[in-house]
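Notebook open, model loaded. I want to look up the sheet and then the helix that goes with it.

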Amino acid sequence: MILVRSDLDFNPRTISCDDEGRSIIIEAEVQGSPFLFVNIYAPNKVQDRFFFFCALNKNIEDRVVNEELRIILGGDFNVTLDSDLDCSGGRPFRKDSVKHIQDLCLDFDLVDIWRHEIRTLNAFTWRQRNPFIQRRLDYWLISDVCQDDIEKSDIIPSINSDHSAIFLHLNSIDKPKHGPSFWKFNASL
């Protein structure tokens, strides 16, 4: 699900979902800037995940081929990107699944914003009690050009779920408040 604040200057151009309900993609103009919002729920099985990420990569590529879109991609990737920092207990996922996400990041200049801001902290978005296993499986991957627009990225507890929520706040999305000002052209120039 992608929720949009009602008072936001948000004009959707296209909205699409995949046939299995694993991704929602909204191409929109937000306050005059073109964005691509992608929400995913990747499959658990490695082979299914391979096909899912290949299709997702192609789907995004088709949209950005002629336009510079700011991409905000979030959701449950069902993969840990760094087995040292994003895993606790059990056996970490195989590296072949990580390559698909790394390809997405390279192809579209995306950054794992939470890990970029909090480089060495172990925090997890998924937990299993018996045996006790924790993983960070949920991410916000954003266009590199959007890094300065991020006010906060966080992992917060959620109710009645084995996943924590991931939170992203963009400070440039709010309309800037202008105070009293006076501009005068320097005629000596």
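Sheet, to start with: I find six strands in an open, mixed sheet, ordered β1-β2-β3-β4-β9-β6. Strands (E, at least two) and helices (H or I, at least four residues) are DSSP runs numbered from the N terminus, and two strands pair if DSSP finds at least two bridges between them. β1 (10-17) and β6 (110-112) sit at the edges with a single partner strand each, so one side of each has no neighbour in the sheet. Neighbouring strands are turned by 20 degrees against each other on average, direction ignored.

Note on the source: this is a predicted model, where local features need pLDDT of at least 70, side-chain atom pairs count only at pLDDT 80 or more, and totals for chains, interfaces and linings use all residues. Residues are numbered from 1 along each chain as its sequence is written, and side-chain values use heavy atoms, with hydrogens and water left out.

Next I checked β1 against β2 (residues 23-30): they pair antiparallel over seven bridges. T14 has E27 in β2 as its bridge partner.

Then helix α1. In α1 I list R49, F52, F53, L56, N57, I60, R63 and V64 as buried (under 20% relative accessible area; exposed is over 50%, partly exposed in between; 1.4 Å probe, protein chains only). Down the axis of α1 these buried residues fall within an arc of 135 degrees, so they line one face of the helix; the arc uses directions from the helix axis to the C-beta atoms.

Last, N59, which is in α1. N59 is partly exposed at 26% relative accessible area. N59 and I25 are 34 residues apart in sequence, yet 9.0 Å apart C-alpha to C-alpha.

Definitions and conventions. Axes fitted to C-alpha atoms, helices over the stretch in contact; angles between N-to-C directions.
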